[in-house]
Amino acid sequence: MPLLHFHVIKGRKPEELRLLLDTTHEAMLEAFKVPERDRYQIVSEHDPAHMVIEDTGLDIPRTDKVVLLQVTSRPRSKEQIAEFYKLLAKKLEARCGLAPSDLMVSIVQNADEHWSFGLGRAQFLTGEL
């Protein structure tokens, strides 16, 4: 159950955002082997002055198309995470024209008790999931 929060600079068309979300979901399905309907995505659009995404001294050029993706997920293996980064960059470049240098991803892992999908229950703990 990854929760994906996309941070982008304002100005993308709705169809561009949808393609970004759909493409990311495809990479998530492939790398993390989540169910097809395991899809929770949020987009926050920011004024250019409200996003400063530098390169940590790695000389990675950024443009106004930069995407910062925050992923909250149950634990994944290092191999799955590395595969997700690789697939995501490749797919977003091919389908959305997003340069790999304009993609930054942060994954935060948590445990089953940290999720409730509604109804006031922790479905991973109750056995519903």
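## Cavity and helix packing in a predicted model

About 40 Å³ of space lies in the largest cavity. A cavity here is a set of points on a 1 Å grid over the protein atoms alone where a 1.4 Å probe fits but cannot get out; its volume is the space filled by probe spheres set on the points, which are joined across faces, edges and corners. This is a predicted model, in which local features need pLDDT of at least 70 and side-chain atom pairs count only at pLDDT 80 or more, while totals for chains, interfaces and linings use all residues. Residues are numbered from 1 along each chain as its sequence is written, and side-chain values use heavy atoms, with hydrogens and water left out.

The structure holds one cavity of 30 Å³ or more. Lining residues have an atom within 4 Å of a point, and for the largest cavity they are Pro2, Leu4, His25, Met28, Asp38, Arg39, Tyr40 and Gln41. Helix H1 and strand S2 each supply at least two residues of this lining. Helices (H or I, at least four residues) and strands (E, at least two) are DSSP runs, numbered from the N terminus.

| Element | Residues |
|---|---|
| Helix H1 | 14-32 |
| Strand S2 | 40-46 |
| Helix H2 | 78-96 |

Gln41, one of the lining residues, is found in strand S2. Leaving aside residues up to four places away in sequence, Gln41 touches Leu4, Phe6, Leu21, Thr24 and His25, where contact means heavy atoms within 4.5 Å. Gln41 and Gly11 are 30 residues apart in sequence, and their C-alpha atoms are 19 Å apart in space.

Helix H1 also packs against helix H2. Their axes come within 9 Å and cross at roughly 150°; axes are lines fitted to C-alpha atoms, for helices over the stretch in contact, and angles run from 0 to 180 degrees between N-to-C directions. H1 is therefore roughly antiparallel to H2, a term for angles over 145 degrees. Residues of H1 that meet H2 include Leu19, Leu20, Thr23 and Met28, and those on the H2 side include Ile81, Phe84, Leu87 and Arg95.

Conventions. 1 Å grid on protein atoms, 1.4 Å probe; cavity = no way out; pocket = protein on both sides within 12 Å on 5 of 7 lines; lining within 4 Å. Parallel < 35°, antiparallel > 145°, perpendicular 65-115°, else oblique.
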